[in-house]
Amino acid sequence: MKSLIYSNRSQTWSQRNQSSEVTFVLLGFSEYPHLQVPLFLVFLVIYTLSSLGNLGMIVIIRINPKLHVPMYFFLSHLSFLDFCYSSVFTPKLLQIMVVEDRSISFRGCMTQFFFGCTFVITEMFMLAVMAYDRFVAVCDPLLYTVAMSPKLCAHLIAGTYLWGGLCSSTLTYFLLQHSFCGPNIINHFCCEYSAVLSVSCSDTFFSRLACLVISTFNEFCSLLIILASYVFIVVTVTKIPSKGGLRKAFSTCASHLATICIFHGIIILLYCVLKSKSSLLLVKIATVFYSIVIPMLNPLIYSLRNQDVKETIRKLIFIKVFSH
């Protein structure tokens with residue numbers, strides 16, 4: 001019995017040692033060699049705008065005392081998450097588009113997947129938390145600052161990060177159990193879960209099942225919170241007699257709704273619709289949208305529709321121009 005346990009342990013360690021020596025090759029958009037330079041420039045511009053926009057949003061929220069309220073507290077964390085998961089994927093994408101060596105180590109691949117998955121799931125529930133915040137603001141405005149206390153906001157934020165990390169750790173654990181026999185060519189620009197599993201030479205049934213259960217549960221729960229919050233918001237708004245109050249209530253939710261529609265729309269498209277091998281290009285394009293384009297759009301959506309943010313930007317520009 002002891003010898004059997006020892007042999008199983010040694011086999012597990014052997015598989016882990018072999019996995020740690022594995023190198024993957026990311027194909028990216030290599031099937032379109034004539035588009036490598038144009039795509040590189042486009043992605044570089046988008047990533048630069050995304051980074052400046054999200055970091056700028058965090059700075060604006062911190063320096064303007066009027067924005068030190070729960071709504072903008074959550075928005076600053078949304079900007080932080082956008083910056084983080086964009087930075088997990090984009091640098092490697094830019095690298096493989098200009099360098100002949102498209103390889104990534106096993107550890108590098110697992111690290112990229114872990115952090116990318118953590119930030120995406122955390123953002124999914126951050127949007128749900130923001131929907132709850134809008135629900136309290138519209139449905140119970142007089143008790144808003146009491147209901148959304150700093151302690152509750154901190155707990156909600158911590159909960160989203162912890163849950164994102166737990167889900168990501170679980171999925172990463174399943175990936176680490178696989179062996180890879182070669183040639184380990186991943187037809188993607190990042191270490192996306194199903195793309196990594198496609199080059200595994202061991203049984204992937206339980207890993208795919210775990211991904212299905214976790215992703216379905218997260219999507220269902222986050223959308224349920226969002227839909228329930230907005231159902232109550234709509235019911236409350238329809239009872240507001242004045243048109244001014246109606247307009248103000250909808251304006252506070254419009255930016256958030258736009259972000260939700262774009263984010264969840266692409267996630268559902270990516271994991272529920274695009275499953276066949278013939279749609280690999282569409283999978284890559286959809287991944288580009290949620291990992292690179294959405295982080296650029298979110299600061300634009302919130303800044304263009306928000307008077308407080310626009311006023312702070314104007315003041316910063318005014319101070320910068322007249323300080324010289």
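**Note on the fold, core and surface of a predicted model**

1. Strands β1 and β2 (residues 103–105) pair in the antiparallel sense, over three bridges. Two strands pair if DSSP finds at least two bridges between them. F24 stands opposite I104 in β2. Strands are DSSP runs of E with at least two residues; helices are runs of H or I with at least four; both are numbered from the N terminus.

2. Some ground rules. This is a predicted model: local features need pLDDT of at least 70, side-chain atom pairs count only at pLDDT 80 or more, and totals for chains, interfaces and linings use all residues. Residues are numbered from 1 along each chain as its sequence is written, and side-chain values use heavy atoms, with hydrogens and water left out.

3. Which face of β1 (residues 23–26) is covered? The covered face holds F24 and L26, while T23 and V25 make up the uncovered one.

4. The chain has eleven helices and three strands. Buried residues make up 44% of its 324 residues. Buried means under 20% relative accessible area, exposed over 50%, and partly exposed in between (1.4 Å probe, protein chains only).

5. Now the core. The largest nonpolar core has 84 residues, and F24 and V196 have the most contacts inside it. Such a core is a set of buried Ala, Val, Leu, Ile, Met, Phe, Trp, Tyr and Cys residues joined through side-chain atoms within 4.5 Å. Helix α4 (residues 106–139) gives the most to this core, with 19 residues.

6. What does V196 touch? Leaving out residues up to four places away in sequence, V196 touches F24, C109, M110, L175, F180, I186 and C191. Contact means heavy atoms within 4.5 Å.

7. S51 lies in helix α2 (residues 36–63). Is S51 buried or exposed? S51 counts as buried because its relative accessibility is 10%. Beyond neighbours within four places in sequence, S51 is in contact with G56 and F83.

8. Finally, the surface. F205, F206, L209, L212 and V213 make a nonpolar patch of about 520 Å². Patch residues have over 30% relative accessible area and no salt bridge; like charges are joined within 9 Å, nonpolar side chains (Val, Leu, Ile, Met, Phe, Trp, Tyr) within 5 Å. A salt bridge is a side-chain nitrogen of Lys or Arg within 4 Å of a carboxyl oxygen of Asp or Glu. Areas come from the Shrake-Rupley method with a 1.4 Å probe; for residues, only the protein chains shown count as cover. F205 sits in helix α8 (residues 205–238) and is partly exposed, at 49%.
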